Each structure stands twice: as C-alpha cells, then as structure tokens.
Amino acid sequence: MKLSMNYREIEGKSAGFWILLGGLALVIALAGGATLYMEHEGHYVTGMNNQIVWGMPHVFAIFLIVAASGALNVASIGTVFGKPIYKPLGRLSGLLAIALLLGGLIVLVLDLGHPDRLIVAMTYYNFKSIFAWNIILYNGFLAVTVVYLWMMMERRMNRYYRPAGFVAFLWRLILTTGTGSIFGFLVARQAYDAAIMAPMFVIMSFSYGLAVFILVLMASYNWTRRPLGDAVLFRLKNLLGVYIAAVLYFVLVFNLTNLYATEHHGIERFILLDGGIYTALFWIVQIGLGSLLPLAMIYHPTLGKSRPAIATAAALVIIGAFAQLYVILIGGQAYPLEIFPGYEVSSAFFDGQVNSYSPSIWEITLGVGGIALALMIVTVAVRVLRFLPESLEDAAVDPHAKSA
Amino acid sequence: MTQCSPISRVLALLLLLLPLVATADSDQGGEKEALPFSDLTFPEPARHYSAEQKCVQPVEEMRKNHMKYILHQRDETVHRGIRTRRYALEECVNCHTAKDDEGEYVPINAPDQFCYSCHSYASVKIDCFQCHATKPVRPSTLNTPESNAANSTEKLSNDIRQLLASEGQAQ
Amino acid sequence: MSESSKLADAARRNFLAKAGVAAGAAAVAPGVFLSTSPAQARPADEPVSSAKRWGILVDTTKCASDCSACVSACENENGWGSSEPNSSAEQKAHWIRSVTIKNKATGFAKTLPMMCQHCETPPCVDVCPTGASFRRADGIVLVDKHICIGCRYCMMACPYKARSFVHEDLHDQKPWAPRGKGTVESCTLCDHRVDKGEIPACVEACSADNHNALIFGDLYDENSEISKALKAKDSVELRADLGLNTGVRYRGI
C-alpha cells in the first residue's frame, strides 16, 4: 500500500527560529555593506589583482552553484530513478537547489566590475562564450526547478511530475558541465584546459550538494523536533560515501594524466609538492580532512551509525570542497603562465613568478553572505510553504524497512 | 532582484511624473514660485556649430535625443573605426565645458556643469565619465564649415535629406 | 524667416559643403600624412576593412636590455602607468611591458616587449559573455568598455597576460583612450592613431631611439615593410602551439 506523506510548514515561533533568521539577516547586511564598499572604491580594496583575477567570491559562488545542482540530485533519484524512499525529500531538494543557486549567482554578480550592467549581461550575448551559455543555463535551471517543484507540490499537476523531473535532471547535468567547462575551455593556463573538468565538476556537484542537503535536513528535523529515521539518513550517508570516492577517482585521473605529460610537470609539482598553501590545502584539507576522513567515518561500523559523526562527515566534505575549489581556482592562477617554455622569465608585471593572493575581509564577507542568503531563503520557505514532511521516521518512508 | 508591490510602483510612477506636471505649470508662465528646473543654469557653450545652428543638431532635437546620437557614434567608432567628429563625445566636452575664475577648465561632470546639472535634476545616471575625459585636451575640429562637412557621416547627410524633405512638405 | 527654415538653410549649406568632400578631407588631414607611414589615412567616415590586417614585428635582436622607450611612450600616449595611486603593484594596469627571458639551459638572456598579440582567433573574444571583447575587421583586438561587465573571464583566457582590470576610479583620461574603473583594457594597437594613418606610439618611440626593433604595418599587403621583413627572415608567434595566428610576431627567440 502507498503511504500518503504529510508535508507541513515549520512552526517558526521559537526563539531559536528568530535568532537564526536574525543572524542570517545580519550576515547578509554585512555582506551588502562590504559589496557597497568594494563597488564604491573599486577592486583595489580586495586581494584580487591583475595576476589573481578571480578570488574568494568566485570560490564561494562556484561552490554554491555546483552544490545547487548537486542538491537537486536527491529529488532526481526519487523521480528519475524511481526510488520511493527519496520521494519525500524531493521538495526540500528542489528548494535547496534554488536557494543555493541564487546565493551563488548573487555573489558572482556583485563581484563584477560593473554589477550595474546586469542588464547588459542579459541583453548582449556572445554565443561562443561558455559564460554566456551559463547565464542561460542558470536562469533556465531556476525556471525548470520552480516548475518541477510546482508539479511536485500541486496535487492537480502531480501527473506531470515525472517528465518535469527528467527535464530538471538533464538540465542540471548540462548546467554543471557548463560550470566545469568554464575551466575546461581555458586553453591558456596549465592548470585548466582539460575535458575532464566538466565530468569532474558534475561528480563534485553530487558530493557537495548531498553534503549540504544532509546537513540542512538534519538541522531542520533536529530543530523542529520532527522524527528523522535511520532508513533515510543512512541511505543518504552511504550515497555520500560513494560520491566522495567518485570525486577522489576523478582527482586521481586528472592528476595522473598531467603527471604523464612532461609539459604539465611544472603545475603538478606546484600543486602536489612545493606550492606552499596550495599543496597543504590539497593534501591536508581536500584529500585528508575532506575526503579520506569522512569516507572512513561514513563506513566505520559504529561511527557510521552515529548522527553527530554523520553530520561531521558532511561538514568535512564541505570544508574539503572549499579547499578543492580554492586549489583549482586560486592555485591554477597563482602558477605562472608558460609563455616562453624553457626560459626563466621576469618583468615588472610579475611574469614567471608565483602570484600571491591574500583575500580581504570584504570579499570573504561577500562570499559568506551568499551562503547566508541561501540559508535564509530555505528558512523562510519552509516556514511559509509545505516543503518538509511531518515525519521521516522509518515506518513513514518505507513500511518494509527493517527497524534499525 | 528588488520586488516592488503594485502600490509602490504606482507611487514611484507618480513621483516620476511630478516634475513633468510641475514644469508644465511653469511653462505657462504663471505667478508661481520658480521651480528647480527653471533655476538651472549651465555654462554657455564655448562655440557654436555655426552662426545659425547652435549645436550639431537643432537644440530641441539635442535636448530630446542627444543620447541617441552619442550611442550611434559610440558603436560606429569603437567597432567600425569611424572617426567623424560631429557626434563625438569629445566634441561635446570641447564646447560645453566652462572655465573657472582662474581660467582652468571645470570637469563637465561637476555638479553644476552642463551634463550633471540637468542629469541630476532628471535623476538619470550617466556612465560616460567613468572612462571619458571630462575636460578639453585637444582643439575642436568642428569650427569651420569645411571641417564640419568632412566630419559628417552618411548618417548626417540622411538627416539633412530628411530635414530638406520636411521643409519641402512644410511649404 | 521661421526657425525651422533657418535650420534647414543651415543644413542645406552643410549639404552643399559636403559635396566638396575632397576639399573637406584635405582640411582634416594636414599633419596626418607621414611620409614614412605604412598606413594610408582612411577617410574619417569610412569603416575599417578586413582587406587589411595590422601587425607588429618585434626584432628582439635590436631590442636593448636597458631600454623601455616603447613602454613609456605607451604610458604617455594612453594615460596608464601613474593613474592608479591606490592600486598595488599587482593591481596596476600594464598595456605593454618589458620582459626579460633567460634560457634555462644556456643562460642566454634578452629583453623584449610584451603586449596584446592581436590574435586572429583570440581566446579573450571567444570567452567574453557580452561580446565586449571583439576583433575589429582590420585585426585589432579591443574591449568595448561600454558593454564590458568586468567579469575578467578574458583575463583568465588570455595566454599572454596582456589584459588588465582597472581597480579604482580614474581621472584625467586621454580623450582618445577612454579607460575606467571596473572594466578590462589592453593594448589597442593605438587604434586612434592607426585610424588617421599614423603608427602606434611604441613603434614611433622605438624608431625615434634609433633601435628600429618594431615594425608596424599591414600583414596582408605583400609590399609593406612588415610583410617583406617577415618574408625575408624567420620569426615566431608566441604560444604557436595554440594556433592563434597572432598579429604580433617575434624575431630572435
């Protein structure tokens, strides 16, 4: 028999709820102030420069955008792959996807040299630019996901729910392919220019998005004292383990390919051996803390069943994600361009030197503001609309589940 | 990203229309107190396009459509390398900047100068002078009828044909 | 006489004056034609054409290691270099720079100027989302700062680090070289000079110093000085592996 799932708004009357909202609003306000300051003064107040042209805002924005597409994955598994246990999670999955994407896009836009020319970005298109394609893909993703949510949440539209889910699933794959291709299509730089960037970003999105989803799910059920059964949670954390391993596999193949070609030994040496902060971030944070440790925790016979441990593993994946994006983005730019192979190069414009980057408080605040905005959207949305099932206990999601 | 309620939109629209209503009043030359726009004084242009024509187009036309001429010239110059001077922003600056008491040029985007006095009144932000020079640097080439002719584009002669045609209709 | 017919009269006079286009062109041209100029002055109202492709040959064997005449000339001509008091050294714009290269195996060192290479298929143009980065019909790669949103993707894409982002408010720009905060810029090949038949400021300065390391001209004209020089002796394009067919070429590296 089919159980009907009851969705209900959260109560949103507790002090905790208002403290959360207030805290997020404060962070958003601070980020707004930082943005006004940066835009008024110009980018000289940031740590970004003509050598490191993309900085912290882009790390945050790309994390949020990649995680957005990954967050929708949970809904896709329910709809496209027909796994009933994921279906009750579909609404939150879609909501999180929209919220994270909006958070990421706003950071990206506010870091532009001319955010006031957003209308130009929307009206002048160079269709050979993957960036221009991404503008369409991002806006389309919002539209497709809104429709998908509507089909899910409006009973009369339920019959269109599967096709909408298929479209959303395809769209998100294309979207993350586009995001990865921002780097994959850069022929100039040693660190990029690789077709594997696109599928690697797709896999990264699975992992980042699911980690965020697990944390948000656990927090919202914990804080609203709604039951969250082991069946759902363990399924999700096991899936996260698979994704972490998949990301590791792509990182391994990417670096092995580079290590084979002498041409790329310079950049590999820089990232893996003597790149200072980038080497440390790669090995200690991305690989150690962000991949191997959470993998071990997730599959550990006892830790893997502890909720604090699962939450910690998800948080570690997110920390590792930031390290990974920092190494790809900033590390890739810090390594000098190879204009004269076989020569030592020097100039007043820092040719041939490893470029340094120290992010300012302004650009970090802007990035954190994007995260706060995403969480704010989720918090308000679950308060006013029926996104969260009243119960996700084992009996509710799957009558045949063995009790843990 | 800003969301406006219908009410605030209507209010904003009314606010926008207010100055129009106000200027319409003052045009009728009533006894009313002078309104901000009628107080607006901007520096006299340093030179005129010709004795008969004060600007590169009739003044009324420029008041209404100066941005169209500048925008057209901008794309022609940047993308196609057309360097005619008649509608070049630099020539606007050459004529319309004023000198202060010490004889130094005042930037044309200073609050009380030609562009900004009007634009701040109309609350229309202009983006030109983040990049473009705000003071004359080299002499104008729009002084003589010969150079004026050389500086006109095909577009200009079309304009003139239209003008002549409209004159023909008028007669 | 009514106001409108007065205006029409003025217009008619202009129209008649335009009939004497030759005389008009002569009036705008004095001082513009240089006897040694490789570029013929194009009438001001004529668009650039793809029948030409401008380029520079850099003969690094003639480039003196302690000379920066081309860099200073570009700064003076286009107004960059000392216009950004708040920006750090890493943040300041560089349209052209003097680069010293030393062969790792042999120790042989030399100096050469680096600027936008004016590629035939420029990566910066490919990636620009709004089309602000574009290649003019005559091969000059430019930024239309009116539609540049300041995303800096072109700077990520340029293999030559030729582009700079303006990090602060600027004042007292040159009328012929508009540049401003929040937009990307690079060598324009002195399009404002080329358009009136002159040669770029860097090339002029190099000749004035008697180094003659820079030759400017039309790559499509086989009788131009640059085409002859390219045909006579070897030259390379930087990052030839990328197949960008640059308009700036180097001899002696």
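Predicted model: local features only at pLDDT ≥ 70, side-chain atom pairs only at ≥ 80, totals over all residues.
Buried area is the accessible area that two parts lose on being put together, summed over both. Three residues stand out on the chain A side: A:Asn50, A:Tyr343 and A:Phe349 supply 15% of the area that chain A buries against chain C, more than any other three residues.

Now let's count who touches whom. Chain A brings 54 residues into contact with 55 residues of chain C. You'll also find 41 residue pairs in polar contact between these chains, counting pairs with both residues at pLDDT 80 or more. On the chain A side, the touching residues split into 27 nonpolar, 18 polar and nine charged.

What about salt bridges? There are three between chain A and chain C. To see one of them, find A:Asp351 and C:Arg97, whose side chains meet at 2.5 Å, N to O.

Which parts of chain A do the touching? The elements that each give two or more residues to this side are helix H1 (15-41), helix H5 (118-123), helix H6 (130-153), H7 and strand E1 (343-347). The largest share, five residues, comes from E1(A).

E1(A) is joined by five bridges to strand E2 of chain C, residues 96-103, and the two strands run antiparallel. Pick out A:Ser346 and you can find its bridge partner in E2(C), which is C:Thr100.

Start with A:Arg189, in the loop between helix H7 (161-184) and helix H8 (197-223). Is A:Arg189 buried or exposed? Its relative accessible area is 6%, so A:Arg189 is buried, as the cut-off for buried is under 20%. Leaving aside residues up to four places away in sequence, A:Arg189 touches A:Gly332, A:Gln333 and A:Leu337 from its own chain, plus C:Met155 and C:Met156 from chain C. One of these, A:Gln333, is 144 residues apart from A:Arg189 along the chain, yet their C-alpha atoms are separated by 7.8 Å.

The other residue is A:Asp111, found in the loop between helix H4 (90-110) and H5. With a relative accessibility of 1%, A:Asp111 counts as buried too. Again leaving out residues up to four places away in sequence, its contacts include A:Glu39, A:His43, A:His58 and, across in chain C, C:Arg152.

Note on methods:
Residues numbered from 1 in each chain as written. Chains lettered and ligands numbered in written order. Heavy atoms only, no water. Helix = DSSP H or I, 4+ residues; strand = E, 2+ residues; numbered from the N terminus. Buried < 20%, exposed > 50% of the residue type's maximum accessible area, 1.4 Å probe, protein only. Contact = heavy atoms within 4.5 Å. Buried area = accessible area lost by both parts, 1.4 Å probe. Salt bridge = Lys/Arg side-chain N within 4 Å of Asp/Glu carboxyl O. Polar contact = N/O pair within 3.5 Å; in protein donor to acceptor, adjacent residues only side chain to side chain. Nonpolar A, V, L, I, M, F, W, Y, C, P; charged D, E, K, R; others polar. Pairing = 2+ DSSP bridges.
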